[in-house]
Amino acid sequence: MGGSPLNRLSWLRSSPPFLNNIVVSPATRWVVFRSGQPLVTRSNGVTRMAALTTPDVRPYLGPEPFFGQGEKEGEAAADGVPALEAARFRGAPVVFLGLDESNVTTSSALPSSDFSKGDPEAAARKVQGTPYFSLDVSHLDQKDADSLLEKPQTDGGRAYYAEARGAIRGMGMLDASLFALGRSMVDWNARNKFCAGCGSSVYSLWAGWKLSCSTLRPWADKTGKEPCITAKGIHNFSHPRTDPVVIMLVVNESGDKILLGHNKNFPPTFYSALAGFIEPGESFEDAVKRELWEEAGIKVWGVKYHSGQPWPYPSNLMVGYYALSDPSKPIRTDLDNELEDARWFTREEILSVLEHPEGTNFTGREFVDAPNTEAAEKARRNAPPFRVPPPTAIAGVLIHNWAYGKNPESVAAPLNGRL
């Protein structure tokens with residue numbers, strides 16, 4: 001859900017002096033990803049992002065300068081060249097995520113002349129809080145990547161690379177924010193290796209926040225080549241993308257039933273709110289109505305926004321809605337080859353699952369992976385009749401809030417008018 005405590009300091013992403021100074025700060029911490037899996041620790045039942053120091057990850061950062069690298073190793077890029085702003089050509093992929101100011105009484109990090117103009121090194125010294133970077137170690141040998149598991153953790157927990165979707169369960173706001181932002185940016189940098197204009201390779205700018213065509217480097221050999229179309233206008237850089245998805249909990253007009261679906265890719269007995277991508281030229285509300293019609297053949301009205309959540313699989317923004325529909329109308333599950341089942345559930349049915357210790361277990365695979373063991377048979381006997389998403393996922397929030405009446409303004413009573 002919303003509420004990230006990170007100050008992203010976006011106006012300083014292009015400043016090599018600031019970035020190079022903040023990297024070596026004793027306060028700086030690094031979150032690590034390997035093939036999309038976050039390095040986490042678990043202690044006393046709490047999962048957190050492993051926060052490493054710069055000395056911990058120094059062997060993988062490459063030669064200095066870390067940002068604003070020039071043509072040759074150890075050489076700094078010339079000032080005032082847009083195609084070289086905080087450029088990084090060597091070392092593991094790195095992204096500056098921002099500054100955690102959770103424990104700072106008054107933030108001094110504002111895009112003002114007393115902080116960001118004139119002397120970036122002085123700005124770095126003024127930083128109050130914890131700067132965070134992400135590091136992608138996917139390209140490293142397993143031995144090198146696993147060496148990070150041995151680094152001491154402040155919570156005393158054991159570090160390990162976690163399955164991405166399960167890792168976020170139970171995380172606090174800061175760790176969830178670092179996970180969502182870090183994973184999205186690592187994935188975007190990993191997937192985009194070539195210029196969409198001419199097919200040349202790309203390189204990192206702005207501490208991982210921009211990608212530029214390699215033909216724009218001042219020393220690039222352009223003999224006999226047409227200038228890349230990205231060399232002109234506002235299209236000369238590739239920016240990170242976010243793909244919006246609507247996710248909607250459908251409620252009957254009396255407010256005592258909800259519609260949930262079982263996707264063919266879901267674990268057994270797992271039900272959730274229906275969802276779908278926004279299409280070009282479409283509003284969020286129109287997407288809600290279209291997706292529910294296309295997936296389940298139902299008409300809805302009274303579409304009401306609830307909240308949003310970044311969902312880094314790989315780079316989605318989940319936009320949560322409630323909508324009203326008539327449970328007496330038929331439901332179709334044969335329309336787009338996604339749904340295996342969809343049905344209406346009463347509040348009593350949902351509450352019985354929410355209050356079951358395994359009711360929001362996201363995977364529910366304890367008896368699927370070991371179908372013939374005594375433990376699996378016991379798990380079957382004690383399992384809830386179905387499962388729903390945990391409250392760390394926006395679908396779980398929508399379901400919880402409806403079940404416990406936490407948002408009566410949205411769904412407790414019929415909404416006037418049909419959108």
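Leaving aside neighbours within four places in sequence, Arg290 is in contact with Phe277, Glu279 and Glu282, where contact means heavy atoms within 4.5 Å. The model is a predicted one, in which local features need pLDDT of at least 70, side-chain atom pairs count only at pLDDT 80 or more, and totals for chains, interfaces and linings use all residues. Residues are numbered from 1 along each chain as its sequence is written, and side-chain values use heavy atoms, with hydrogens and water left out.

Arg290 lies in helix H7. Helices (H or I, at least four residues) and strands (E, at least two) are DSSP runs, numbered from the N terminus. With a relative accessible area of 15%, Arg290 is buried. Buried means under 20% relative accessible area, exposed over 50%, and partly exposed in between (1.4 Å probe, protein chains only). The side chains of Arg290 and Glu282 are joined by a polar contact of 2.6 Å. A polar contact is a pair of N or O atoms within 3.5 Å; within protein, one must be able to donate a hydrogen and the other to accept it, and residues adjacent in sequence count only if both atoms are side-chain atoms.

Arg290 also meets Glu279 in a salt bridge, at 3.7 Å from N to O. The pair links distant parts of the chain: Glu279 is in the loop between strand S12 (274-277) and helix H7 (284-296), Arg290 is in helix H7, and the two are eleven residues apart. Glu279 is partly exposed, at 42% relative accessible area. Salt bridges that share partners join Glu279, Glu282, Arg290, Glu291 and Glu294 into one network. A salt bridge is a side-chain nitrogen of Lys or Arg within 4 Å of a carboxyl oxygen of Asp or Glu. Side chains of opposite charge can pair when their charged atoms come close.

The structure holds eleven salt bridges. One of them pairs Asp187 with Arg191, the closest N and O atoms being 2.5 Å apart. Both belong to helix H6 (residues 173-191); they are four residues apart and so separated by about one helical turn. Asp187 is buried at 17% relative accessibility, whereas Arg191 is exposed at 60%. Another salt bridge joins the side chains of Arg241 and Asp243 (2.7 Å, N to O). Here Arg241 is exposed, with 52% relative accessibility. Asp243 is buried, with a relative accessible area of 18%.

Across the chain, there are eleven helices and 15 strands. Of its 419 residues, 49% count as buried. Among contacts with a separation of 6 or more, 70% are between residues 24 or more positions apart. The chain exposes about 20100 Å², of which carbon and sulfur atoms supply 51%. Accessible areas come from the Shrake-Rupley method with a 1.4 Å probe; for residues, only the protein chains shown count as cover.

Helix H1 (residues 16-23) has buried residues Phe18, Leu19, Asn20, Ile22 and Val23. Their cover includes strand S2 (29-34), helix H2 (54-57), strand S5 (94-100), helix H3 (120-126) and strand S6 (130-136).

The largest pocket holds about 760 Å³ of space. It is lined by 30 residues, and the closest to its centre are Arg165, Phe266, Ala275, Trp311 and Met318. At least two lining residues each come from strand S10 (243-252), strand S11 (257-263), S12, H7, strand S14 (316-325) and helix H10 (394-403). S12 supplies the largest share of the lining, four residues. On a 1 Å grid over the protein atoms alone, a pocket is an open set of points where a 1.4 Å probe fits, with protein on both sides within 12 Å along at least five of seven lines; lining residues have an atom within 4 Å of a point. Grid points are joined across faces, edges and corners, and a volume is the space filled by probe spheres set on the points.

Some backbone features fall in loops. A cis peptide bond joins Glu64 and Pro65, with omega about 0°. Pro65 is in the loop between H2 and S5. Ala86 is found in the loop between H2 and S5 as well. Ala86 is not a glycine, yet has a positive phi of about 55°. At 0% relative accessibility, Ala86 is buried. Ser35, also not a glycine, has a positive phi of about 50°. Ser35 sits in the loop between S2 and strand S3 (37-43) and is exposed, at 59% relative accessible area. The peptide bond from Tyr313 to Pro314 is cis, with omega near 5°. Pro314 is placed in the loop between strand S13 (301-311) and S14.
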